[in-house]
Amino acid sequence: MKNRLMMLSLGLVVSAGAFAADVPYAEQLSLQEKGVIKTFEGVKAGVLELHPNAVIHEVELDKTFLRYEYEIDLVDAQNVEWDVDVDAETGEILKNRIDD
């Protein structure tokens with residue numbers, strides 16, 4: 001029984017770190033005005049530096065357990081689809097991988 005509880009607790013901790021929720025637009029504006037997060041325009045240059053001439057198809061702002069993240073879907077000049085995640089507070093690229 002003790003092992004079951006420990007495994008359940010571990011599962012909850014692991015899944016909590018992966019949870020993300022979309023941030024409503026009005027809240028995004030408020031966070032930007034307060035300087036909590038950068039605007040998408042503020043992080044876009046870093047993304048396009050990684051993928052010159054790419055076309056951005058979708059941008060979402062999510063709140064994860066630890067931070068706000070921009071999730072960006074784009075297609076590069078070779079027609080390869082990419083998923084790029086950016087820390088909305090710092091502009092740091094967190095993930096840059098081919099969409100599978």
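How do strand 4 and strand 5 pair, and over how many bridges? They pair in the antiparallel sense, over 5 bridges, with strand 5 covering residues 93–98. What you're looking at is a predicted model, where local features need pLDDT of at least 70 and side-chain atom pairs count only at pLDDT 80 or more, while totals for chains, interfaces and linings use all residues. Residues are numbered from 1 along each chain as its sequence is written, and side-chain values use heavy atoms, with hydrogens and water left out.

**Confidence**

- The protein chain has a mean pLDDT of 84 (the predictor's confidence in each residue, from 0 to 100), and 81% of its residues reach 70 or more.
- Over residues 1–17, pLDDT stays under 50, and the model has 2 contacts for that stretch beyond four places in sequence; contact means heavy atoms within 4.5 Å.
- Where pLDDT is low, the predicted coordinates should not be read in detail.

**The sheet**

- There's an open sheet of 5 strands in the order 1-2-3-4-5, with antiparallel pairing. Strands (E, at least two residues) and helices (H or I, at least four) are DSSP runs numbered from the N terminus, and two strands pair if DSSP finds at least two bridges between them.
- Strand 1 (20–22) and strand 5 stand at the edges with a single partner strand each, so one side of each has no neighbour in the sheet.
- From one strand to the next, the twist averages 25 degrees. Angles run from 0 to 180 degrees between N-to-C directions, using axes that are lines fitted to C-alpha atoms, for helices over the stretch in contact.
- Strand 2 and strand 3 pair over 8 bridges in the antiparallel sense, and Glu58 stands opposite Asp73 in strand 3.
- Strand 3 (residues 68–75) pairs with strand 4 over 7 bridges, again in the antiparallel sense; the bridge partner of Glu69 is Asp87 in strand 4.

**Hairpins**

- The hairpin of strand 3 and strand 4 has 5 residues between the strands, and Asn79 takes a positive phi near 65 degrees there.
- In the hairpin of strand 4 and strand 5, with 5 residues between the strands, it's Gly91 that takes a positive phi, near 85 degrees.

- Helix 3 (residues 40–50) has Phe40, Val43 and Val47 buried, where buried means under 20% relative accessible area, exposed over 50%, and partly exposed in between (1.4 Å probe, protein chains only).
- Those residues cover an arc of only 75 degrees around the axis, which puts them on the same side of helix 3; the arc is that of the directions from the helix axis to the C-beta atoms.
- The buried residues of helix 3 pack against strand 2 (55–64), strand 3, strand 4 and strand 5.
- Strand 4 (residues 81–87) has 6 of its 7 residues buried, so it is largely enclosed by the rest of the structure.
- The largest nonpolar core has 16 residues, and Tyr70 and Ile72 have the most contacts inside it. Such a core is a set of buried Ala, Val, Leu, Ile, Met, Phe, Trp, Tyr and Cys residues joined through side-chain atoms within 4.5 Å.
- Helix 3, strand 3 and strand 4 each supply at least two residues of this core, and the largest share, 4 residues, comes from strand 3.

**Residues to click on**

- Tyr68 is found in strand 3 and is buried, with a relative accessible area of 11%.
- Leaving aside neighbours within four places in sequence, Tyr68 has contacts that include Val23, Leu31, Ile37, Leu61 and Val86.
- Tyr68 and Glu89 are 21 residues apart along the chain, with their C-alpha atoms separated by 6.8 Å.
- Gln28 lies in helix 2 (residues 25–33) and counts as buried at 17% relative accessibility; beyond its neighbours within four places in sequence, Gln28 is in contact with Val23, Ile37 and Leu61.
- Phe65 has its place in the loop between strand 2 and strand 3, and at 57% relative accessibility Phe65 counts as exposed.
- Phe65 and Ala20 are 45 residues apart in sequence and 7.0 Å apart in space, C-alpha to C-alpha.
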